[in-house]
Amino acid sequence: MVSPIILIAVPLGLAFLTTLLGLLSEKLPKYVPAVAMAFNLVVSIRLLPRALQSPIVARTAGLSPPFSIHLVAGPLGMMLSVLISLVGLLIAIYAIGYMGKGPGSRYHALYLLLLAGATGVVLTGDLFNLFVFFEILCISSYALVGCRGDKPGIESAAKYLIQGAIGSSLALVGIGFLYGLFGTLSMADIASNIASVSPMAVFISMALLVTGFGVEGAIFPLNAWLPDAHSSAPSSISAILSGIAIKAGIYAVARIVFTVYGAEAILVFVAVVGLLTLLVGEMSAFSQSNIKRLLAYSSIGQVGLIVFALGLASVRGVEGALFLVVSHALAKALLFLSTGYMIYRAGSMEISSLHGMGRKMPVSSVCFTIAAFSLIGLPPFIGFPGKFMIISAALAKADTLFTVLIAIGLLGTVVEGAYFFRIVQGLYFKEAPEGAGTNPGEDVEAPLSALVPICVLAVAIVAVGVCPCVLTRYLGAAAADLLDKAAYIRHVLGV
Amino acid sequence: MIAFQTFLVLVMIVAALRAATSKDLMDAVIACTLVSLMASIVFYFLHAPDVAMAEAAIGAGLSAAIFIFAINRTERQE
Amino acid sequence: MRTVVSLTLIVIVAIGVIVSLSQVPVGAEAARQEGRLDQDGVNFGRYYNSRAVEETGATNVVASVVVSYRGLDTLGEVAVLFIAALGVVTLLGTKQERKAKREVEQASLIVFTGCRFLFPLILLFATYIFAHGHLTPGGGFQGGAVTASGFVLIYLGCRGRSVGPKQLSATESLSGLVFVMIGLVGLALGGSFLLNFLPRGTTYALFSAGVIPIIYVAIGLKVSSELGSIVGALAGEGE
Amino acid sequence: MSLMESYIHYLGSFGLILIGLYVVLVKSNLVKVIIGISLIDTGVNLFLISVGYIRMGTAPIFSRTAIAPEEMVDPVPQALVLTAIVIGVSVLGLALSVAIRLYGHYGTLDLRKIRDLKW
């Protein structure tokens, strides 16, 4: 009997150990995140079948819920935990070579803490504990964005930090309101009492919590920090921020809106906000000439689509959103990882300087193309089933409003297709810019420690795209976990 | 007792306004420290001695010190 | 323009807050006046106040909540401080010019001697605070902050002396590991993380309340070293 | 007078939060913005403690003189605030070190003058 709490405790302990190892040896710390994430992956996969039958409720301090902090490892939480440890493991392997010189053991400890925070966010069943893990996630990302200490990194870290700090203060006020009303912090307990108080009080605290957690989730008016932070961080960090950190923010918002409040009334608003996020992201991405800023804006677009699908609030819509969460995490991680070495070799982040890379770095370019096509939603890749599910869910609503909305959403996807095709065309069919090729060793493919995770991600994208059933059979349970409030309360409180 | 607490809260608000408006950063930091100190006394009256200790040591002591270190290494005027 | 927009926003928020506060009974006092505290149903505060001494053996209920009932929060919070220490040292410690120490004016003899005299006393007081956290007000965080203010005194009064960053870093790691290990031992013995697996002892004695004092001392050491390295890096004495 | 007693702490805490928000939104000096964040933190902490306050109560610490548990104020907000204070000082330290590095790069702390990246 393995308790899901070791998914959090062991990475935290290993992160504390990392700096100690860093004092003893230069080389050891960089393997620690990979080891920890491999451990997490094994444990999460072993726990997944049990979580699918019924959520595993883990107690702390020997008390049963709700009186002490408890973890609720339901189908959704375990699925996201598997995703986090898989992507985290691959990026940790990539970083062994990529972050060779630089901040050293402190970088690896921060990276591991970020992943531990994300795992805590998806597993916890306690509102204040959610806030604490959220802070671990956010504060380690502020530090990682600025960890190279260069001009853009520090500037974007400053902006990110200010907005994030305001967001967390607002969320804390919201938690204070809820505690003042109910005298409890367990999400299941709050959810079972929420109907007993006036909608006014509920609305204020919900607005505060959604705004606070929405900053990290990059929902439309709150995402000013994202393009800067994701584009000026090191590529491995951009990958984890785009792939995992945003998803943790969206998970927190979704958990609060669906499970704690069960607020059906605002879901149309959520869908519209999602659509706005999508349009803003895709339109801004189209006009970028910097490859990493483009990818960051494209993340905003995808987040918009996920939020829109959550706003549909039908089982099929939520399944589509979760599918898109997985597919975007894999594809965006692959995009950032494969561009990492291209940028390193080309010495510039301008799209024009990547022209002709298709011949110099064939493997990276092919993988980049796969990921780009997957994000657009072309059929043999993982992005296609997700988008298809969302569109069919929107049409199944048989509501003119949602039909119009999804039509506008498709417009955004077309824009997405246009800019990704432009880049891929540049990679293969354009000549390298003048003055390139001066550095010795520029034409070399990325090293093996980078190619392995890139290729694994590419294979995963194609494999799940060809046979989506590997993923879809878990999605039903996961969507029910999010939508079925009564079952959640019953499992946790055991009533 | 309530009159005294009201007085403390008023001092807090006035100090916070001073911190918000002052052009001299060192001045603002001192005002901010005064806010924390008053908050710490209010915590004591709210029967939270643990928090009062933490706020006095961290909010009124340590954060002022690190603010002043940082201002020393940057600039003092806004 | 920006000022006007911001002020409008703030006024809207203020009105919302005032309206909601005046209509919604938030807080324990309101709950008591409405008699909700006496009803059945979950209320963390009432439960902990009536059960904490019996269940954990600590007379300071806040300590038993911080270390035992909400111990996972505390682990997370210690991790947050650890992140901040790592981040500050990463941001400020990477400059090369740190080796070329700028000449600083020495503090006067009175200040120097005073600091040297006070520093051990401060450490002693801090140790008292975090060793008695389960009996009296105080605990790991407060004690750690007091230690860190001792470090501030050293940086101000005894220029040129500093606390070794390596020793701080090692203390940080080891005390963090002790915390996690105690939690995992509880998991192995009783199936629940941070289980209080030691005997409770006599209430009001220093050695009572099982694992709570041990964890609080570990937290105290960890918080002192983390705040110490933050202060050190900001004071310009980092690596 | 009892109304005053119930509300003065809430009013004080939201006063601090609003003043802090004003500083963050209007001022452009980074250290000033960080001072604003610190004010907001203090306000939030005061709010949380006020939530657990019971009039005529006692601190949640048992001593040899008998105290009824019903008289004690709620210990949970105090534990939450301890956590929040420590998180606040972590963010503060990180923010100030970012400010120092920013000053090293640009020679100014005015966010309006630092515009290499688009806002």
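Guide: Chain D has three helices and zero strands. Helices (H or I, at least four residues) and strands (E, at least two) are DSSP runs, numbered from the N terminus. This is a predicted model: local features need pLDDT of at least 70, side-chain atom pairs count only at pLDDT 80 or more, and totals for chains, interfaces and linings use all residues. Residues are numbered from 1 along each chain as its sequence is written, while chains are lettered from A and ligands numbered from 1 in the order in which they are written.

Visitor: How do I read the spread of a chain, and what is the radius of gyration of chain D?

Guide: The radius is taken over C-alpha atoms, and the globule rule is 2.2 Å times the number of residues to the power 0.38. From the N terminus on, chain D runs α-α-α. Its radius of gyration is 20 Å, well over the 14 Å that the globule rule gives for 119 residues, so chain D is more spread out than a compact globule. The C-alpha trace of chain D spans about 65 × 30 × 20 Å along its principal axes.

Visitor: Burial next. What percentage of the residues in chain D are buried?

Guide: Count neighbours. A residue is buried if 20 or more other C-beta atoms lie within 10 Å of its own, exposed if 12 or fewer, and partly exposed in between, with C-beta atoms placed from the backbone. In chain D, 66% of the 119 residues are buried. In chain B, the share is 59% of 78 residues.

Visitor: What else describes chain B, and how many helices has it?

Guide: Chain B has three helices and zero strands, again read as α-α-α from the N terminus. Its C-alpha trace spans about 40 × 25 × 10 Å along the principal axes.

Visitor: Now contacts. Which pair of chains shares the most?

Guide: Two residues are in contact if their C-beta atoms, placed from the backbone, lie within 7 Å. Five pairs of chains are in contact, and chains A and C share the most contacts. Chain A and chain B do not touch, and their nearest C-alpha atoms are 15 Å apart.

Visitor: How many residues does each side of the A and C contact take?

Guide: Chain C gives 50 residues and chain A gives 49. On the chain C side, helix 1 (2-23), helix 3 (44-56), helix 4 (61-69), helix 5 (71-93) and helix 8 (165-190) each supply at least two residues. Helix 5 of chain C gives the most, with 16 residues. By type, this side of chain C divides into 26 nonpolar, 19 polar and five charged residues. Here Ala, Val, Leu, Ile, Met, Phe, Trp, Tyr, Cys and Pro count as nonpolar, Asp, Glu, Lys and Arg as charged, and the others, Gly among them, as polar.

Visitor: And where chain C touches chain B, how many residues are in contact?

Guide: 17 residues of chain C are in contact with 13 residues of chain B. On the chain C side, helix 7 (140-157) and helix 9 (212-234) are the elements that give two or more residues. Helix 7 of chain C gives the largest share, seven residues. This side of chain C holds 12 nonpolar, five polar and no charged residues.

Visitor: How do I judge a helix by its span? Take helix 6 of chain C: where does it bend?

Guide: The expected span is 1.5 Å times one less than the number of residues. Helix 6 (residues 109-131) of chain C has 23 residues and reaches 34 Å from first C-alpha to last, close to the expected 33 Å. A bend is the angle between axes fitted to the seven residues ending at a residue and the seven starting there. Helix 6 of chain C bends by about 25° at Leu118(C), and Pro120(C) follows within four residues.

Visitor: Which residues of helix 6 of chain C are buried?

Guide: Ala126(C), Ile129(C) and Phe130(C) are the buried ones. An α-helix has 3.6 residues a turn, so residues three or four places apart point the same way. The cover over the buried residues of helix 6 includes helix 7 and helix 9 of chain C.

Visitor: How many residues of helix 4 of chain A are buried?

Guide: In helix 4 of chain A, 19 of the 19 residues are buried, so the helix is largely enclosed by the rest of the structure. Helix 4 covers residues 105-123 of chain A and reaches 27 Å, close to the 27 Å expected.

Visitor: Last, the core. Which residues have the most contacts inside the largest one?

Guide: A nonpolar core is a set of buried Ala, Val, Leu, Ile, Met, Phe, Trp, Tyr and Cys residues joined through C-beta atoms within 7 Å. The largest has 359 residues, and Leu334(A) and Ile461(A) have the most contacts inside it. Helix 3 (residues 75-106) of chain D gives the most to this core, with 19 residues. Leaving aside neighbours within four places in sequence, Leu334(A) contacts Cys367(A), Ala371(A), Ile454(A), Leu457(A), Ala458(A) and Ile461(A).
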